[in-house]
Amino acid sequence: MNKKALTEADIRTKYITPAIVGKWDVMTQVREEVHFTKGRVIVRGKTVKRGEAKKADYLLYYKPNMPLAVVEAKDNNHGVGSGMQQALEYAEILDIPFVYSSNGDAFQEHDRTGVGETVEREIPLDQFPSPEELWTRYRKAKGYDDDQATVAAQDYYDDGSGKSPRYYQIIAINRTVEAITRGDNRLLLVMATGTGKTYTAFQIIWRLWKSGAKKRILFLVDRNILADQTKTNDFKPFGQAMTKITNRSVDKSYEIYLSLYQAVTGTEEEKNIYKQFSSDFFDLVIVDECHRGSAAEDAAWHDVLNYFSSATQIGLTATPKETRDVSNIHYFGDPIYTYSLKQGIEDGFLAPYKVVRIGLDKDLDGWRPEKGKLDKYGFEIEDREYNETDYDRSLILERRTQVVAAKVTEFLKATDRYAKTIVFCENIDHAERMRQALVNANADLAAANKRYVMRITGDNDEGKAQLDNFIDPESTFPVIAVTSQLMSTGVDAQTCKLIVLDKRIASMTEFKQIIGRGTRINEDYGKFYFTIMDFKRATALFADPAFDGEPVQIFEPGPEQPPVPPDEPPAVDEGETIYEPPGPFEPLGTGEPPRKYYVDDVEVTVATERVQYLDEHGKLITESLKDYTRSTVRKAYTSLNAFLNAWNDAERKQAIVEALAEQGVFLDELAEQVGRDYDAFDLVCHVAFDQPPLTRKERADKVRKRHVFAQYGEQTRAVLDALLDKYADGGIRSVESMDILKVDPLTAFGTPIEIVKLFGGKPNYLAAIHELESALYSEAA
């Protein structure tokens with residue numbers, strides 16, 4: 001057997017796999033061709049495609065979800081270590097200590113533990129290390145004794161469904177368990193919203209609890225719905241060992257306790273029921289969403305952490321808070337692992353987003369009342385310049401609310417009127433006025449179902465009762481949820497496709513949390529990306545260095561333009577500012593002038609709208625889709641001849657189209673702008689290389705005039721003629737597919753097998769198709 005002639009797959013099957021499975025359990029310890037990311041979601045106009053997922057040839061596990069080694073294979077024309085750089089990249093992403101490359105002759109090993117005698121060495125095929133050997137080396141590197149090793153190797157919870165944690169969850173869980181095994185007592189995990197913090201916390205608790213390392217655990221959250229979601233979903237396997245602290249009553253017979261911060265603390269001493277537990281009762285306290293107040297020295301429940309100071313404490317957050325007054329990094333220490341929004345979007349686990357920026361004239365220019373002007377209730381309005389810091393706080397321009405509602409409605413009508421939408425308002429009063437305006441703007445659907453628009457705020461029981469229905473992907477109503485604060489955190493709205501910002505946000509923490517409402521992907525319901533409609537220039541925070549996930553597209557439409565982002569974005573004007581919001585307004589005292597003026601006769605209009613894309617690397621594209629296509633194609637093909645050679649040499653032309661799509665060049669979207677009658681070939685030649693395009697019909701007619709198929713028999717000529725018609729209708733993709741033979745009028749010539757036989761067999765049929773393609777593309781124009 002000539003080893004050099006074998007493919008990489010053959011090398012793996014014949015040499016690498018036997019060397020591994022001789023010592024590793026193929027059912028529980030070896031996985032091949034492991035896709036550990038999903039592939040970034042690339043959005044162009046209305047077209048959505050996934051980029052390529054990262055794939056490791058082999059991952060080797062000591063136990064399920066405890067990876068010890070990654071192996072990258074190459075064919076025998078490569079050196080033993082040729083796959084090492086790629087394997088090291090994967091090992092770094094996956095946090096794996098031992099790295100191998102092989103071409104079927106031997107293994108090259110790289111030891112990432114930092115304590116091995118040599119970092120890299122070559123190993124004969126028959127001496128690949130066993131799981132016990134690698135685990136022993138890993139234990140030695142970590143300095144574990146037998147008890148510590150038992151905790152570090154404690155099994156994950158497995159419900160038998162085949163569900164396994166994602167790679168970043170495995171890293172977060174393993175690093176946390178290992179840090180606690182080492183004796184660390186203050187830990188911070190930073191994971192972007194939508195990446196499964198609660199499930200990660202559950203596996204951490206499960207492994208520490210089952211190993212006996214931690215016996216009584218307190219899990220603190222700050223919203224009742226979060227406690228209920230946790231108890232019924234991720235934490236359900238704890239069963240009878242778990243309780244939720246309610247009605248300020250304490251039962252010390254449980255092992256896992258869920259509680260709201262507010263349920264165990266209070267301003268009066270008798271409300272601090274956590275003191276009914278002895279200070280050493282819990283040996284593990286986990287704080288969910290620890291960016292909200294938990295790190296402030298004066299936070300009421302900060303006392304809880306101090307009281308249980310002997311316990312190991314873990315903070316979970318999407319947004320580590322670092323300000324002059326508040327620092328959870330100061331309290332918990334630097335994060336032991338960070339999985340950012342940007343990384344989540346890059347890996348394809350989180351949804352990218354477009355931004356529609358809408359500037360209203362009164363927001364941009366301000367408004368000053370004429371002298372002596374009265375509001376709708378007869379109060380004289382204070383004579384000064386009002387701007388967006390005042391609107392919906394001290395001054396209500398009712399027509400402004402109507403314009404916002406009209407723009408939101410216009411967007412939904414142009415896309416999907418049943419797309420789940422969250423509208424963030426300044427306060428509860430603003431939210432109620434916005435609800436009314438949206439009901440009036442969507443009178444038909446609101447009349448058909450009173451839950452089409454709902455205000456979901458902390459003071460409204462009817463609205464809060466609908467929160468579960470809004471979250472449930474299977475529940476159509478409510479469609480539009482209007483809120484101020486309640487839904488900014490922790491609400492798992494998987495199918496939310498539109499987030500409307502009509503409140504001023506000066507806090508990066510709050511901004512990230514609000515954006516997080518839309519970042520979950522739900523493929524079953526067609527949710528791959530979402531749109532942010534920004535009326536208050538809050539998305540200027542994208543430019544803040546503390547933000548880590550740029551948008552797919554930013555769009556600022558003009559006064560007469562629809563709010564739906566076009567496929568060609570205009571250039572972006574930078575330099576927006578974020579203002580500090582004023583403090584809350586006090587309630588009225590007797591005889592005082594009103595703190596809020598209600599004005600219903602001042603016209604408000606749209607002044608600007610704007611859009612921008614993200615490219616496949618997550619960077620903002622300020623150029624048009626045509627310009628982006630031109631620059632991307634020219635990077636891949638330096639000249640027209642280079643492209644023509646690649647196109648003519650390709651066995652499948654569609655493969656070139658797919659490769660360009662991986663780079664974010666979506667020719668279907670381009671055809672919407674240049675012309676739907678042009679083939680992919682002409683679109684590329686025209687846009688990238690300035691060639692005059694020919695329509696598919698023109699190309700087909702040119703082939704017919706040249707009598708290219710004169711050497712074929714009458715029936716085969718008729719088949720090729722029918723294929724030319726199919727090309728003129730649908731492009732090269734349809735001609736290259738064998739399925740086209742099952743479609744009229746080709747079915748008139750027989751079954752696909754019978755048609756192929758007319759050509760003398762499949763090789764001859766494919767040769768005829770290749771000749772047809774050569775004739776079609778014999779010239780660029």
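**Close-up 1. Residues at the contact of helices α24 and α25 in the predicted model.** On the α24 side, Arg-696, Lys-697, Arg-699, Ala-700, Val-703 and Arg-704 take part, and they meet Asp-721, Leu-724, Asp-725, Tyr-727, Ala-728, Asp-729 and Gly-730 of α25.

**Close-up 2. Packing geometry of helices α24 and α25.** Helix α24 spans residues 696–705 and helix α25 spans residues 714–730, and the two pack with their axes 7 Å apart and at an angle of about 160 degrees. Because angles over 145 degrees count as roughly antiparallel, α24 is roughly antiparallel to α25. The handedness of the crossing of α24 and α25 is right-handed.

**Close-up 3. The open sheet of six strands.** The strands follow one another in the order β1-β4-β5-β6-β7-β8, and their pairing is mixed. At the edges lie β1 (30–35) and β8 (120–124), each of which pairs on one side only. From one strand to the next, the twist of the sheet averages 30 degrees.

**Close-up 4. The pairing of strands β4 and β5 within the sheet.** Strands of a sheet pair through backbone hydrogen bonds, in either a parallel or an antiparallel manner. Here strand β4, covering residues 55–63, and strand β5, covering residues 66–73, pair in the antiparallel sense, and five bridges join them. Within this part of the model, Lys-63 stands opposite Met-66 in β5.

Key
Residues are numbered from 1 along each chain as its sequence is written. This is a predicted model: local features need pLDDT of at least 70, side-chain atom pairs count only at pLDDT 80 or more; totals for chains, interfaces and linings use all residues. Side-chain values use heavy atoms; hydrogens and water are left out. Axes are lines fitted to C-alpha atoms, for helices over the stretch in contact, and angles run from 0 to 180 degrees between N-to-C directions. Helices (H or I, at least four residues) and strands (E, at least two) are DSSP runs, numbered from the N terminus. Angles under 35 degrees count as roughly parallel, over 145 as roughly antiparallel, 65 to 115 as roughly perpendicular and the rest as oblique. A crossing is left-handed if the near helix is turned anticlockwise from the far one by less than a right angle, and right-handed if clockwise. Contact means heavy atoms within 4.5 Å. Two strands pair if DSSP finds at least two bridges between them.
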